[in-house]
Amino acid sequence: MLDRVEIEHAHHGGNDNGKLPVTFNQFHEYGIHRHSIAPGIREAEALGFLVVTVNGRAGNAEHRTPNLFRLTYRDAEGLPGDGTHEWRRITTTEEAEQIADAARKDKAAKKTKSQCRKMPVTGADNRHRNGKSPVPETITTGMAKTITTSISRVDTTTQTPREARPLGSAVASGAASDNRRDRVEARIASKLGADGYDVLQSLSDSDLQNFIEMEQRGQLDSTALAEMRLKSLRGRKEAAA
């Protein structure tokens, strides 16, 4: 999710943060399952990595508009510093997981409630209805369940997610040069933002190696980045103690 917004940011030359348009179809074309897009946006926003500055509008092509996004760890016009960094308010992995779970479930609960329809009135009070005539089943009412997978926990029973693509230039898959430690660290730092190298330097050797291996496997998602920042924060606190 964040990777696709990062790509849009790069398409704008590193400018227009806060006015970055990414459509539903663009997220889907990037490899995110359709049922995971809305929960993924909610999760990234709740964790403090992303802000939806303008809510898009569905409809016919001439009336349809995309969401506009701001990456909180990048600088933006009219805001001080190198970003607002809302993610820093989360101090533990457990707290991050609870916030992410709540964000993913939030819309699902509202949608389930709104799907409940009143049963038709039957009997003498309604001459135009027959007690044997049920409400016609629609796509919405006929759904057995709502699938709400997230950017970090895709339901493998409904899809096989495409491996996340690193940021930057085109990927030369399998090329040894792309897995050189310095290049892998550069990719991770780019995903982290302006303070990326500071975060990496404050990690323990074992933690850093673990995240490098995750990036090499294409598994360094937003949840892993959040965990990396938390470990970095703890490392800095221990070093200052």
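Q: What makes up the secondary structure of the protein chain?
A: The secondary structure comes to eight helices and three strands, counted as DSSP runs (H or I over at least four residues for helices, E over at least two for strands) and numbered from the N terminus. Along the sequence, these elements follow the pattern α-β-α-α-β-β-α-α-α-α-α. This is a predicted model, in which local features need pLDDT of at least 70 and side-chain atom pairs count only at pLDDT 80 or more, while totals for chains, interfaces and linings use all residues. Residues are numbered from 1 along each chain as its sequence is written, and side-chain values use heavy atoms, leaving out hydrogens and water.

Q: How do you know what confidence the predictor has in the protein chain?
A: Look at pLDDT, the predictor's confidence in each residue, from 0 to 100. The protein chain averages 75, and 69% of the residues score at least 70. Among the elements, strand S3 (residues 67-71) has the highest confidence, at 95, while helix H4 (residues 93-115) has the lowest, at a mean of 73.

Q: Where does pLDDT stay under 50?
A: That stretch is residues 109-175. The model still has 71 contacts (heavy atoms within 4.5 Å) for this stretch beyond four places in sequence.

Q: What share of contacts in the protein chain joins residues at least 24 apart?
A: Of the contacts between residues at least 6 apart in sequence, 60% are of that kind.

Q: Why is Leu-20 called buried?
A: The label needs a relative accessible area under 20%, with over 50% called exposed and values in between partly exposed (1.4 Å probe, protein chains only). Leu-20 has 0%, so it is buried. This residue sits in strand S1 (residues 20-22). Beyond four places in sequence, Leu-20 touches Val-5, Glu-8, His-9, His-12, Asn-15, Asn-67, Leu-68 and Phe-69.

Q: What makes Ala-76 count as buried?
A: Its relative accessibility is 11%, so Ala-76 falls in the buried class. Ala-76 is in the loop between S3 and H4, and its contacts outside four places in sequence are Asn-17 and Arg-70.

Q: What is worth noting about the phi of His-85?
A: His-85 has a positive phi of about 50 degrees, although it is not a glycine. Most residues other than glycine have a negative phi. His-85 lies in the loop between S3 and H4, and its 7% relative accessibility makes it buried.

Q: What value does the phi of Asp-16 have?
A: Phi of Asp-16 is near 65 degrees, again positive in a residue other than glycine. Asp-16 is in the loop between helix H1 (2-11) and S1, and at 39% relative accessibility it counts as partly exposed.

Q: Why are H7 and H8 called roughly antiparallel?
A: Their axes cross at roughly 165 degrees and come within 11 Å, with H7 spanning residues 205-216 and H8 residues 222-240. Angles over 145 count as roughly antiparallel, those under 35 as roughly parallel, 65 to 115 as roughly perpendicular and the rest as oblique, so the pair is roughly antiparallel. The contact is made by Asp-207, Phe-211 and Met-214 of H7 and by Ala-224, Glu-227, Met-228 and Lys-231 of H8.

Q: What makes H5 roughly perpendicular to H8?
A: Helix H5 (residues 181-192) and H8 have axes crossing at roughly 90 degrees, within 11 Å of each other, and therefore H5 is roughly perpendicular to H8. The H5 side of the contact is Ile-188, Lys-191 and Leu-192, and the H8 side is Leu-225, Met-228 and Arg-229.

Q: How do you know whether Gln-219 is buried, partly exposed or exposed?
A: Its relative accessible area is 42%, so Gln-219 is partly exposed. Gln-219 belongs to the loop between H7 and H8 and, leaving out residues up to four places away in sequence, touches Met-214 and Ala-224.

Technical notes. Axes are lines fitted to C-alpha atoms, for helices over the stretch in contact, and angles run from 0 to 180 degrees between N-to-C directions.
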